[in-house]
Amino acid sequence: MSHARPLVAIALFCAVLAAAAASAAVITVTDCAGDPHVVANPGTRTTYLQVGSDDLVLHCTLVPLPGTDRLVVAGHDITIENPGSVLAAGSAANAITATGTLTATDTTLASSGSNGQLKIVAVHDITLTRATLAVGDATHDGDALMVSCTGTAPNCTISAITSTLECRHVEIEAQGDVVFSASKILTTSPTDLVTIRSDLGNVLLGTSSGAPTGTDCCTAGKERDGNSVISGSEGNLYILAFGRIDLSGIDVVVSEFICGRSGVDDVGALSAGDACGACPGSGAAASVAADIDLSNATIRNDTGKRGEIVFCADETRAAIDLDHVVLIDDDVSSTPDLAELNGCETKPRSGCPHVVGTADTDG
């Protein structure tokens with residue numbers, strides 16, 4: 001008799017948990033004009049598709065309903081897959097927010113407005129497979145495409161597989177690894193910018209398996225088979241990683257600054273431009289592998305306004321691998337302006353701290 005009340009309490013507690021679990025559902029939207037979860041609010045100029053703590057599967061083309069020009073999509077795990085897409089044409093900020101994971105497969109997430117924005121945020125992993133994320137169009141530059149994940153238990157990742165990210169400003173930030181495979185980042189001037197951060201992991205945009213097949217790199221639309229970052233005439237690329245940076249086999253044609261720092265203790269404390277700052281030679285060593293692999297890559301900034309190429313691996317402690325890289329910095333009169341590697345801008349590179357391998361082109 002003395003155990004009856006605890007047993008009843010346990011039974012009630014389990015019933016509450018079961019009811020909570022049962023309340024979670026998967027909401028599949030196949031009619032983006034008529035589904036009751038799709039709601040227009042002309043006062044905020046926004047069409048909302050929000051399912052609270054439930055999971056969302058989008059299987060139709062979501063566009064702003066009449067009287068609105070902005071889209072807000074929210075749910076727990078969000079899956080957008082063919083024939084689903086999210087398309088806006090106004091100049092407002094559009095947002096897709098997942099409290100769990102976000103998966104986009106064989107789809108387009110886009111805003112074609114002249115000053116449009118698209119912000120994609122998940123707590124857990126973001127996976128893009130054969131997806132196109134674009135802000136702006138042939139006649140509009142767009143404003144910003146932001147992709148980020150925030151979870152640290154475990155550290156969330158952002159993966160792009162055979163996908164394209166296109167906007168004037170592209171910002172990517174993960175707590176864990178950023179991993180690209182056969183994917184492209186394309187930006188258009190003026191003042192175009194790509195920032196890639198891994199706060200607690202690695203930035204892995206390379207192949208580490210030799211040079212991709214195809215013609216020598218590189219102009220927009222004529223890249224090889226691996227990953228690529230191609231800018232307009234005022235482009236800048238900044239990469240900051242807690243761990244290592246792998247750019248092996250990548251094609252980077254960015255007109256001004258191309259800068260990367262690995263082994264950064266507090267990535268969030270640095271501005272994007274800090275990637276181009278002086279390579280520190282002191283401070284605590286990184287607690288993880290923090291090398292920079294440029295092998296078999298093509299990295300050049302000689303196609304627009306002049307800038308610099310700077311890479312710093314764990315405050316000069318870790319290796320920068322140049323094996324078979326094509327590394328072309330801006331020319332200054334008749335003297336090559338060499339890329340700065342681990343604080344060193346002289347040749348032969350064997351005299352630079354922890355710079356290894358033999359470049360195919362370095363000048």
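**Exercise 1. Decide whether Cys-156 is buried or exposed.**

Step 1. Cys-156 has a relative accessibility of 1%, and that makes it buried. Buried means under 20% relative accessible area, exposed means over 50%, and partly exposed lies in between (1.4 Å probe, protein chains only).

Step 2. Keep the source in mind. The model is predicted: local features need pLDDT of at least 70, side-chain atom pairs count only at pLDDT 80 or more, and totals for chains, interfaces and linings use all residues. Residues are numbered from 1 along each chain as its sequence is written, and side-chain values use heavy atoms, with hydrogens and water left out.

Step 3. Find the partner. Cys-156 is bonded to Cys-149 in a disulfide, S to S 2.2 Å. A disulfide here is a pair of cysteine sulfur atoms within 2.5 Å. Cys-149 is also buried, at 1% relative accessible area.

Step 4. Read the handedness. The S-S torsion of Cys-149 and Cys-156 is about 90°, so this disulfide is right-handed.

**Exercise 2. Which parts of the chain does the disulfide of Cys-259 and Cys-276 link?**

Step 1. The sulfur atoms of Cys-259 and Cys-276 lie 1.8 Å apart. The torsion about their S-S bond is 90°, a right-handed link.

Step 2. Cys-259 sits in strand 27 (residues 257-262), while Cys-276 sits in the loop between strand 27 and strand 28 (292-293). The two are 17 residues apart, and the pair links distant parts of the chain. Strands are DSSP runs (E, at least two residues), as helices are (H or I, at least four), numbered from the N terminus.

Step 3. Check the cover. Cys-259 is buried at 1% relative accessible area. Cys-276 is partly exposed at 22%.

**Exercise 3. Is the link of Cys-344 and Cys-352 left-handed or right-handed?**

Step 1. The torsion about the S-S bond is -55°, and the link of Cys-344 and Cys-352 is left-handed.

Step 2. The sulfur atoms of Cys-344 and Cys-352 are 2.1 Å apart. Both residues are buried.

Step 3. The structure holds five disulfides.

**Exercise 4. Which strands stand at the edges of the open sheet?**

Step 1. Write down the order. The open sheet has 12 strands, ordered 1-4-7-10-13-16-19-22-25-28-31-36, with parallel pairing.

Step 2. Strand 1 (26-29) and strand 36 (355-356) are the edge strands, each pairing on one side only. Strands pair if DSSP finds at least two bridges between them.

Step 3. Look at one end. Strand 31 (residues 320-321) runs parallel to strand 36, and two bridges join them. Asp-321 is opposite Val-356 of strand 36.

**Exercise 5. How many of the residues of strand 21 are buried?**

Step 1. Strand 21 (residues 193-198) has five buried residues out of six, and is mostly covered.

Step 2. Find its neighbours. Strand 18 (residues 169-174) pairs with strand 21 in parallel over six bridges. Ala-174 has Ser-198 of strand 21 as its bridge partner.

Step 3. Strand 24 (residues 236-241) also runs parallel to strand 21, joined by six bridges. Here Arg-197 is bridged to Leu-240 of strand 24.

**Exercise 6. Summarise the protein chain as a whole.**

Step 1. The protein chain has one helix and 37 strands.

Step 2. Of its 363 residues, 50% are buried.

Step 3. The protein chain exposes about 15100 Å², with 56% of that from carbon and sulfur atoms. Areas come from the Shrake-Rupley method with a 1.4 Å probe; for residues, only the protein chains shown count as cover.
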